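The following exercises are to be worked with the sequence and the coordinates at hand. Each task is followed by a solution in steps.

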Amino acid sequence: MFGLLFLFLFGIIIATAGLLFSILAYTRKVEAFFWIGAICTGFMTIGIIWNIEHYFYGISTSQDPMSFMVIAAWLVSVIFLIMTKTNKKPNDDNITDAFLDEIINAEDEEWDPES
């Protein structure tokens with residue numbers, strides 16, 4: 001029982017780390033965040049497979065919220081890791097830079113405070 005509890009708590013910590021690093025990998029586009037998130041998600045996948053009976057019992061019979069959170073964190077981290085490699089950028093900074101360059105290089109206008 002103590003071993004299962006230790007593995008379950010270790011799984012929560014690893015799932016949280018995997019979720020954090022996969023979101024950072026998606027937003028920051030840093031390769032190191034991707035690999036740390038992938039390693040944590042891989043460990044969590046092994047932990048879920050190893051303790052599948054506990055997670056299945058927690059979700060189906062006792063409706064344990066911790067089991068739901070671990071499985072949800074694992075799924076979201078997998079989704080963000082996939083999105084990191086499929087999308088080039090989460091937002092397009094080139095459009096923003098072009099728009100700002102257009103505003104900066106525009107001709108100055110006379111400002112009429114009474115209009």
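**Exercise 1: A nonpolar surface patch**

Task: Identify the residues that form a nonpolar patch on the surface, and state their accessible area together.

Solution. The structure is a predicted model.
- Step 1. The nonpolar surface patch consists of Phe99, Leu100, Ile103 and Ile104, which together have about 420 Å² of accessible area.
- Step 2. One of these residues, Leu100, is placed in helix 5.
- Step 3. A patch residue must have over 30% relative accessible area. Leu100 has 41% and is partly exposed.

**Exercise 2: Overall architecture**

Task: State how many helices and strands the protein has, and what percentage of its residues is buried.

Solution. 
- Step 1. There are five helices and zero strands.
- Step 2. Read from the N terminus, the order of elements is α-α-α-α-α.
- Step 3. Of the 115 residues in the protein, 23% are buried, where buried means under 20% relative accessible area.

**Exercise 3: The largest nonpolar core**

Task: List the members of the largest nonpolar core and determine which helix supplies the largest share of this core.

Solution. 
- Step 1. The core has 11 residues in all: Phe8, Ile12, Ile14, Ala15, Cys40, Met44, Ile48, Tyr55, Val70, Ile71 and Ala73.
- Step 2. At least two residues of this core come from each of helix 1 (2-28), helix 2 (31-50) and helix 4 (65-86).
- Step 3. Helix 1 provides the largest share, namely four residues.
- Step 4. As general background, nonpolar side chains tend to be buried together in soluble globular proteins.

**Exercise 4: A contact across the sequence**

Task: Find how far apart Val76 and Ile23 are in sequence and in space.

Solution. 
- Step 1. Val76 and Ile23 are separated by 53 residues in sequence, while their C-alpha atoms are 8.9 Å apart.
- Step 2. Val76 is part of helix 4 and is partly exposed, with 34% relative accessibility.

**Exercise 5: Backbone and charge**

Task: State where Lys29 is placed, and which residues form the negative surface patch.

Solution. 
- Step 1. Lys29 is located in the loop between helix 1 and helix 2. Its phi is near 55 degrees, a positive value in a residue other than glycine.
- Step 2. Lys29 is partly exposed, at 29% relative accessible area.
- Step 3. The negative surface patch comprises Glu107, Asp108, Glu109, Glu110, Asp112 and Glu114.
- Step 4. Among them, Glu114 lies in the segment after helix 5 (93-104). Glu114 is exposed, because its relative accessible area of 78% exceeds the cut-off of 50%.

Key. Residues are numbered from 1 along each chain as its sequence is written. This is a predicted model: local features need pLDDT of at least 70, side-chain atom pairs count only at pLDDT 80 or more; totals for chains, interfaces and linings use all residues. Side-chain values use heavy atoms; hydrogens and water are left out. Patches are made of residues with over 30% relative accessible area and no salt bridge: like charges are joined within 9 Å, nonpolar side chains (Val, Leu, Ile, Met, Phe, Trp, Tyr) within 5 Å. Accessible areas come from the Shrake-Rupley method with a 1.4 Å probe; for residues, only the protein chains shown count as cover. A salt bridge is a side-chain nitrogen of Lys or Arg within 4 Å of a carboxyl oxygen of Asp or Glu. Lys and Arg count as positive and Asp and Glu as negative; His and the chain ends are not counted. The place of a charge is taken as NZ of Lys, CZ of Arg, CG of Asp or CD of Glu. Buried means under 20% relative accessible area, exposed over 50%, partly exposed in between (1.4 Å probe, protein chains only). A nonpolar core is a set of buried Ala, Val, Leu, Ile, Met, Phe, Trp, Tyr and Cys residues joined through side-chain atoms within 4.5 Å.
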